[in-house]
Amino acid sequence: MAFQGLRIPCGPFNVSIHSDLETLACVLHKIYADFPIADESVYVDFEVQLKAPNHLRKFVRPQISFSCDGRIPFKPLPIGQAFPMLEWGLNWVISSHAHSYLVIHAAVVEKNGRALILAADPGSGKSTLCAALVHRGWRLLSDELALVDLVSGNVLPIARPISLKNASIGVVGAFGADVELSPVCHDTAKGSIAHMKPPAASVDLVALSAKPILVVFPKYSKDTQLVSETVGSAHAFLEIARHTFNFSVLAGDGFDAIGRLVDGVRACRISYSSFDQVIPEIERLWRETE
Amino acid sequence: MTAIGANPHLLASVLSKPDLAAELDTRKWERLVWQSRAAELMGQLHHTLRSTGNLDCAPEEARRHLDAAWTISEKHAIAVRHELRGLQEILQPLGIPVILLKGAAYCAQNNRASIGRIFNDIDILVPKSALPAVEERLTWAGWFATHTNAYDERYYRDWMHEIPPLEHKNRATALDVHHTILPPTSGIRPDPNDFFTAAKPLAGEWSFFKVLSREDMVIHSACHLFFGEFHKGLRDLLDLHALLTDFGADNQFWDALLDRADHLGLTQPVVDVLQQSCRIYNTPVPASIRDNLQIRASTRWPRWMRAWLFEHALRPNHYSAAGVTTPFGHWMIFARSHWLRMPLPLLIYHISHKLFAEK
């Protein structure tokens, strides 16, 4: 048995992970190395299992299935994709249950107690930009889900691994020897996938939330000029609502929370083709806003 | 995994005796939340605890899950009513009777079974002769079939009691359109006209729709549960417990229910429901009825085996409620549901197709 009941924090929740898979244990051990393992006294919000969907699938074209408290949100995947599946599953756990927060599809980084939210459609370069900022000293709050507290308006850190796709894997790997990546999984639904280990400093400060002051809608495209424009609050509202997973569940409370969020931040749209363009621009906006 | 099968009846016992909540420690609350999540009963658990003044016993960590489940159930009820308004607009011009089944009926009736409930789909019953017109109007309004391969099409059209499930193209709501209450291949073929004749129109906003008579409503939900695979067995049985408790306040209901079940040839599932609902939720079935149920039972299965089967099938689908033999029990239930649904030659054909032709 690889691990039975490994308790780790997962955003606002504690999850207990069960799996017989040795290979998964190895990747978890490497990528989650800095995470605290909670003892028996902690309240476990979700029980998560990764195991073969049936006995046959342990041996013939082996597959793995993710389940959380008896529910199976995705179809089984080839066994080699166990770690990405765990990560997608944990994102699903947060986005379908963290209803004390706006759950926004966005990356969040922090500096001096203030948060920068990067909200974008998949494929816009959000996670890669997030990894680049984190590598330059910003604290990682999340690469995928911004959790904005409905009452305080602050963003709650998650600090789980950063998910990288296709060409981004090489780009982030080239940042330096201090970047630790999980083994690359090829041919997943999203192409090739690898996860970057979150910095220990970000994991240590996972309880420390931050007030958002800047929202950026980034868009990476090859061979493009830097275009940076301020976005009006009505437009920013609609854009954030579109990226909010639980907008329909929260209804009126969600509407009000997005309104307060938009009132308290500056919002910009940035198109770029290189970090040399976008990062100085983000730092300029940050200095102006702070 | 530690503590396998430690609390097989935790959820059901708190639902039927909510005062037990005061005695639960943190470990038990954890399990209660997991089990209610697995059984899709967290909204109902919230309501039961709140209405008996026991919600404050929940530790903060459990409470936030219960509160969120309640919020979600309220949104579901709004969404179902929205869909019903749309369906009324689509189907009214056809001038046919449209009966709401299961969750949609509970919701439109404000029945207590709808409180805290999650609705995965909307089920309606229409006359078989009206199906082509119903399907055409639904298609124009954005409802499309989700099972599109030729085998699935044939499976539903030739053998089942419903057309292939529909889904709304924008909202992804699921809609099941039935023309009778049981698969004709099961060999039990009650006359659908019986249900339309006995159906009752709803009042007020929903007066276009009808619901099954109270006896038929119980019989239909009983068939759905006891001919099925028990995926949400505990939830479906709690629905039935709520219906029986409500309708049973009228003393004449019980004999009417059993007479109707005899008339339709569906006594066995009703006997099963009454026995299991009494066992798990302490449903107030009059002693005169309860004590004579076993005489009506008509099954070749030994009594102990059925008791064992239902005991496992009606546990929450969570490892904290499972025993060593539970997986085998679930397999038996799966096999039984198919056995009841179709004759052996058809079953072999169906299973062969699923195993080989679709790989």
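How many bridges join strand E14 (residues 211–220) of chain A to strand E16 (residues 266–272) of chain A, and do the two run parallel or antiparallel? The first legend gives the answer; every view is taken from a predicted model.

**Figure 1. Strands E14, E15 and E16 of chain A are linked by bridges.** E14(A) and E16(A) run parallel and are joined by 7 bridges. Within this pairing, Phe217(A) has Arg269(A) of E16(A) as its bridge partner. E16(A) is also joined to strand E15 (residues 227–230) of chain A, by 4 bridges, and here the strands run antiparallel. Ser228(A) is bridged to Ile270(A) in E16(A).

**Figure 2. Strands E11, E13 and E12 of chain A form an open antiparallel sheet.** The sheet has 3 strands, in the order E11-E13-E12. Strand E11 (162–165) and strand E12 (185–188) stand at the edges with a single partner strand each, so one side of each has no neighbour in the sheet. On average, neighbouring strands are turned by 35 degrees against each other, direction ignored. Between E11(A) and strand E13 (residues 191–196) there are 4 bridges, and the two strands run antiparallel. Ile162(A) has Met196(A) in E13(A) as its bridge partner. Helix H3 (residues 126–135) of chain A packs on this sheet and touches E11 and E13; the direction of the helix makes about 125 degrees with that of E11(A).

**Figure 3. Helix H3 of chain A is largely enclosed by the rest of the structure.** The helix is described this way because 9 of its 10 residues are buried. The buried residues are Lys126(A), Ser127(A), Thr128(A), Leu129(A), Cys130(A), Ala131(A), Ala132(A), Leu133(A) and Val134(A). Just after the helix, Gly137(A) takes a positive phi of about 105 degrees.

**Figure 4. Strand E4 of chain A pairs with strands E3 and E5.** E4(A), residues 63–68, is mostly covered, with 5 of its 6 residues buried. Strand E3 (residues 46–51) of chain A pairs with E4(A) in the antiparallel sense over 4 bridges. In this pairing, Leu50(A) is bridged to Phe66(A) of E4(A). Strand E5 (residues 77–78) of chain A is joined to E4(A) by 2 bridges, and these strands also run antiparallel. Gln63(A) stands opposite Pro78(A) of E5(A).

**Figure 5. The largest nonpolar core has 86 residues.** In soluble globular proteins, nonpolar side chains tend to be buried together. The members of this core that touch the most other members are Leu11(B), Ile99(B), Leu100(B), Ala104(B), Ile124(B), Ala222(B) and Val270(B). Helix H4 (residues 60–91) of chain B gives the most to the core, with 9 residues. Leaving aside neighbours within four places in sequence, Leu100(B) is in contact with Ala105(B), Ala108(B), Ile124(B), Phe209(B) and Val211(B). A second, separate core of 82 residues includes Leu140(A), Ala146(A), Cys185(A) and Val215(A).

**Figure 6. Helices H3 and H4 of chain B cross at roughly 110 degrees.** The axes of H3(B), residues 42–51, and H4(B) come within 8 Å. An angle from 65 to 115 degrees counts as roughly perpendicular, and H3(B) and H4(B) are therefore placed in that class. H3(B) contributes Met42(B), Gly43(B), Leu45(B) and His46(B) to the contact, while H4(B) contributes His65(B), Leu66(B), Ala69(B), Trp70(B), Ile72(B) and Ser73(B). By type, the contact residues divide into 6 nonpolar, 4 polar and no charged.

**Figure 7. Chains A and B meet through 16 residues of chain A and 17 residues of chain B.** Strand E1 (3–10) and helix H7 (247–263) of chain A each supply at least two residues of the side of chain A that touches chain B. H7(A) gives the most to that side, with 3 residues. The residues of chain A on this side divide into 4 nonpolar, 8 polar and 4 charged.

**Figure 8. Helix H7 of chain A packs against helix H4 of chain B.** Their axes are 9 Å apart and the angle is about 100 degrees; H7(A) and H4(B) are therefore roughly perpendicular to each other. Ser248(A), Val249(A) and Ala251(A) of H7(A) make the contact with Thr71(B), Ile72(B) and Lys75(B) of H4(B). These residues divide into 3 nonpolar, 2 polar and 1 charged.

Conventions: Residues numbered from 1 in each chain as written. Chains lettered and ligands numbered in written order. Predicted model: local features only at pLDDT ≥ 70, side-chain atom pairs only at ≥ 80, totals over all residues. Pairing = 2+ DSSP bridges. Axes fitted to C-alpha atoms, helices over the stretch in contact; angles between N-to-C directions. Contact = placed C-beta atoms within 7 Å. Buried ≥ 20, exposed ≤ 12 C-beta atoms within 10 Å, placed from the backbone. Core = buried A, V, L, I, M, F, W, Y, C linked by C-beta atoms within 7 Å. Nonpolar A, V, L, I, M, F, W, Y, C, P; charged D, E, K, R; others polar. Parallel < 35°, antiparallel > 145°, perpendicular 65-115°, else oblique.
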